[in-house]
Amino acid sequence: MSSDLLSALRAITGDGGVLTEAADLEPYVTDWRGMFHGRALCVALPRTTQEVSAVVRACAAAGVPVVPQGGNTGLSGGATPDASGRQVVLCLKRMNAIRAIDVAGETMEVEAGCVLQTAQQAARARALLLPVSLAAEGSACVGGIVATNAGGTNVLRYGMARARVLGLEVVLADGTVVEGLRALRKDNAGYDWKQWFIGTEGTLGVVTAAILQLAPLPRHTVTAWLALPSPEAAIAVLRAARQELGDALSGFELMSGEAIARVEQHLGLRSPLPAAPWFVLLEASASLGGLREAAEAVLARSLEAGDATDCVLAESGQQAAALWKLRECITEAEARTGKSMKHDVSVPVSAIPAFLAAADPAVAAAFPGVRINAFGHAGDGNIHYNVILAPGTDTAALNVLVHDLVVRHGGSISAEHGLGQYRVDEALRTRHAAETDLARRIKRALDPGGVLNPGKVLPQ
Ligand code: FAD
Ligand code: MLT
Ligand code: ZN
């Protein structure tokens, strides 16, 4: 049976389209963090939408589940197959064309396997901005970005990936191709079905291409690094920044002093300011002038109020990039420090200080020896409350403690990384039963045979 399927997949995908050797499979069956390990019957690498459709149809006919995969940078195990060795990893990497850029319309049509950074560079070359940005952008693919509704570092101004998606082409669980590649800002002709495939982590369909809304490339950017005494001070700085910079404010990242110390220790980078309890990286961009004066006003107000104890404003693109590198290397430094449990949580922005004030002592008291790595997109209310484990830490109890506090503060247990296989149980525990039931009904309607990424987002 499986050799019949392998022959069929080889015939569909042509040369190099099916991998079966253990060494070839390895990069596709383990996640970026090395936390989830699976096995796979094979990795299929289709080159066209028609090939994706034929692969899914063949797998469905054989009763073999399909696990879609892009850059395999997801942090929730959504792209990792289970341990059965029966599943087929459907990797979109060979479908990586940028099909078209409409400069006047500020849109881009791009295939799912295109690396985000490649798409960003293509937009930039036409004086346009693809404003989805995250530390994994050199590997994450457009299909993965759409399927996870990725967030990142400029959601504050430009929204999550969902806000960029104007049109989609998807392959359903029975192989049907649904073509919705319309570059329209306004399209109320029936259900906005593309939303069913954004952020649903490959459980309802395979994204093969997208039309993305671009933005004008801002002419001016200001980037500042501030040292702060507390999360309360960060919220006050955010308020000042919103008042002075308005919607030009595109990034507001909060980082604990410990998180930055780990980056310095493990990656040899240096913060431009001495050690402090907290740091903020703030960025604003605009095409009209006055940005620097407004940013200086934010810094002056914050220093005067004692919300910032020290600050620097980048004097060049190179300096700004060095500040971003400190922020973007936090995940890498965390991985080098030890095994961690990631809590990708969001709470209302104004509740961030109360959440941290409640969580820090509770975690320290219940789990001696752990180290908290707190940082994130504070302007969006998104804190990565990651906990570096001590030997023997009861990780299930740790998750329950943190997530209960999140719920108590009106938050979500996944702001941007999704549920994958990592958070399925906790989502079941913390969401309303009617929400889970609704999700199940949608899954049953679109994938009655359970072909697409079973066990992810919802229990199998
Ligand atoms: P994969 O990891 O391959 O897949 C992720 C999920 O999407 C899986 O469920 C998979 O089945 C599904 N999928 C992939 N492609 C398709 C497709 N074509 N059709 C249907 N389903 C598909 N995420 C953020 O949101 N914000 C951040 O700031 C952020 N920072 C990160 C920093 C680092 C260092 C790393 C390693 C990761 C970070 N991530 C972040 C997580 C990750 O980069 C994103 O989730 C990204 O969107 C995943 O893209 P990918 O192509 O690697 O997807
Ligand atoms: C980031 O913002 O750098 C990642 O989403 C956070 C993480 O690695 O937990
Ligand atoms: Zn993040």
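Student: How many cavities of 30 Å³ or more does the count come to?

Tutor: Happy to go through this one with you. This is a predicted model, so local features need pLDDT of at least 70 and side-chain atom pairs count only at pLDDT 80 or more, while totals for chains, interfaces and linings use all residues. Residues are numbered from 1 along each chain as its sequence is written, and side-chain values use heavy atoms, with hydrogens and water left out.

The count comes to 1 cavity of 30 Å³ or more. On a 1 Å grid over the protein atoms alone, a cavity is a set of points where a 1.4 Å probe fits but cannot get out, and lining residues have an atom within 4 Å of a point. A volume is the space filled by probe spheres set on the points, which are joined across faces, edges and corners.

The largest cavity has a volume of about 50 Å³. Around the largest cavity, the lining is made up of L116, L130, V132, V142, I145, V146, A161, R164, V165 and L212. Helix α5, residues 142-148, contributes the most to that lining, with 3 residues; helices here are DSSP runs (H or I, at least four residues), numbered from the N terminus.

Sorted by class, the lining of the largest cavity holds 9 nonpolar residues, no polar ones and 1 charged residue. In this scheme Ala, Val, Leu, Ile, Met, Phe, Trp, Tyr, Cys and Pro count as nonpolar, Asp, Glu, Lys and Arg as charged, and the others, Gly among them, as polar.

Terms used
Chains are lettered from A and ligands numbered from 1 in the order in which they are written. On a 1 Å grid over the protein atoms alone, a cavity is a set of points where a 1.4 Å probe fits but cannot get out, and a pocket is an open set with protein on both sides within 12 Å along at least five of seven lines; lining residues have an atom within 4 Å of a point. Helices (H or I, at least four residues) and strands (E, at least two) are DSSP runs, numbered from the N terminus.
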